[in-house]
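Please look over the sequence and the model before reading on.

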Amino acid sequence: MTPRNPYRTLSGTSRLAGVMGWPVSHSKSPRLQGYWLAKYGVDGSYMPLPVAPENFADALKSLKNLGFSGVNVTIPHKENTLAHCDQLSDRAKRIGAVNTVTFSEDGLILGDNTDGFGFIENLRQNAPDTAFASGPAVVLGAGGACRAILVALLDEGCPEIRLTNRTRKRAEDLATEINDPRIKIVDWPIEPAALSDASLVVNTTSLGMVGQPKLEIDLAGLPQTALVTDIVYAPLMTDLLCQAHDRGNLVVDGLGMLLHQARPGFHRWFGIDPEVTQDLRDFVLSSD
Ligand code: ATR
């Protein structure tokens with residue numbers, strides 16, 4: 001059948017969204033959201049929006065005034081966006097950062113953070129038997145991505161989180177801010193004893209990423225039933241995941257977190273809860 005709109009032109013009622021970042025050229029969001037727009041035949045567009053920090057407040061307001069449905073915000077705007085929203089979701093407040101903005105019909109700027117949602121949904125999809133409440137989690141790192149993951153794990157009923165970071169003070173500050181007694185700071189590098197009864201290990205540092213040093217970790221004490229995951233997705237199979245896989249642990253790579261965190265925005269702006277499929281993974285990873 002010939003498509004009714006083979007040129008994929010926009011109409012006068014197209015819904016508009018995009019991603020604000022500085023720089024934004026590396027962002028995979030336009031490719032990801034563009035895939036779903038085409039797949040579901042949505043009359044809409046999602047564009048990269050390079051916005052320097054000094055222009056951020058004006059740009060956000062302008063997008064609202066231009067009739068955009070919403071935007072993703074990425075580095076370096078995620079924390080700064082909080083102050084420019086009229087309403088924040090509970091999780092955005094607790095994470096202290098916004099990645100998904102919706103402009104409501106009554107003119108309000110609504111801020112949400114879907115990074116933790118993306119993290120959990122990735123594990124649910126790829127390791128459906130994961131029971132977050134079943135045992136301690138070991139979390140490596142204390143940066144922005146880590147904060148969203150800690151909040152999400154606590155919300156899923158994780159009984160204890162052992163948090164470790166090269167700069168201990170940063171982990172301590174994060175634990176103080178989140179203020180939940182289930183977060184315990186442990187030594188970096190992680191001691192085998194801290195892994196001996198863990199049911200989940202998460203790397204939220206940039207170690208293992210292309211061009212970064214490798215994450216040195218001894219998994220010898222980790223139960224084989226533990227799930228191991230990494231937020232790094234370039235490469236997909238990091239040294240951590242290879243090591244865990246080789247000793248029999250179930251592993252989940254980090255690409256799914258990126259894909260799932262995008263679902264709530266697409267749903268709100270374009271009206272469809274989109275699917276994360278193998279074909280989408282392949283498309284987002286390719287560059288043609
Ligand atoms: P993001 O906001 O994306 O999480 P970030 O705030 O730069 O990024 O955090 C990067 C994380 O990787 C931090 O936990 C950082 O540890 P420090 O807080 O000690 O800087 C960790 N990291 C980066 N390079 C590292 C290295 N060479 N060794 C150990 N940890 C490293």
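The report covers the basis of the model, a pocket, helix packing and some backbone details.

## Basis

This is a predicted model, in which local features need pLDDT of at least 70, side-chain atom pairs count only at pLDDT 80 or more, and totals for chains, interfaces and linings use all residues. Residues are numbered from 1 along each chain as its sequence is written, and side-chain values use heavy atoms, with hydrogens and water left out.

Helices (H or I, at least four residues) and strands (E, at least two) are DSSP runs, numbered from the N terminus.

## The largest pocket

The largest pocket holds about 1400 Å³ of space. A pocket is an open set of points on a 1 Å grid over the protein atoms alone, where a 1.4 Å probe fits, with protein on both sides within 12 Å along at least five of seven lines. Points are joined across faces, edges and corners, and the volume is the space filled by probe spheres set on them. Lining residues have an atom within 4 Å of a point.

The lining has 44 residues; Ile 75, Lys 78, Ala 145, Met 209 and Ile 231 lie nearest the centre. Helix 5 (144–155) gives the most, with four residues. Strand 3 (70–73) and helix 9 (255–261) each supply at least two. By class, 18 lining residues are nonpolar, 19 polar and seven charged. Here Ala, Val, Leu, Ile, Met, Phe, Trp, Tyr, Cys and Pro count as nonpolar, Asp, Glu, Lys and Arg as charged, and the others, Gly among them, as polar.

The pocket lies between domain 1 (15–113 + 262–285) and domain 2 (116–254), because both give residues to its lining. Domain bounds come from an automatic or database domain assignment.

## Helix packing

The axes of helix 5 and helix 6 (residues 168–178) come within 11 Å and cross at roughly 45°. Axes are lines fitted to C-alpha atoms, for helices over the stretch in contact, and angles run from 0 to 180 degrees between N-to-C directions. Helix 5 and helix 6 are therefore oblique to each other. Angles under 35 degrees count as roughly parallel, over 145 as roughly antiparallel, 65 to 115 as roughly perpendicular and the rest as oblique.

Helix 1 (residues 29–39) packs on helix 11 (residues 278–285) at about 140°, with axes 9 Å apart. That makes helix 1 oblique to helix 11.

## Backbone details

The Ile 75 to Pro 76 peptide bond is cis, with omega near 5°. Pro 76 sits in the loop between strand 3 and strand 4 (87–88).
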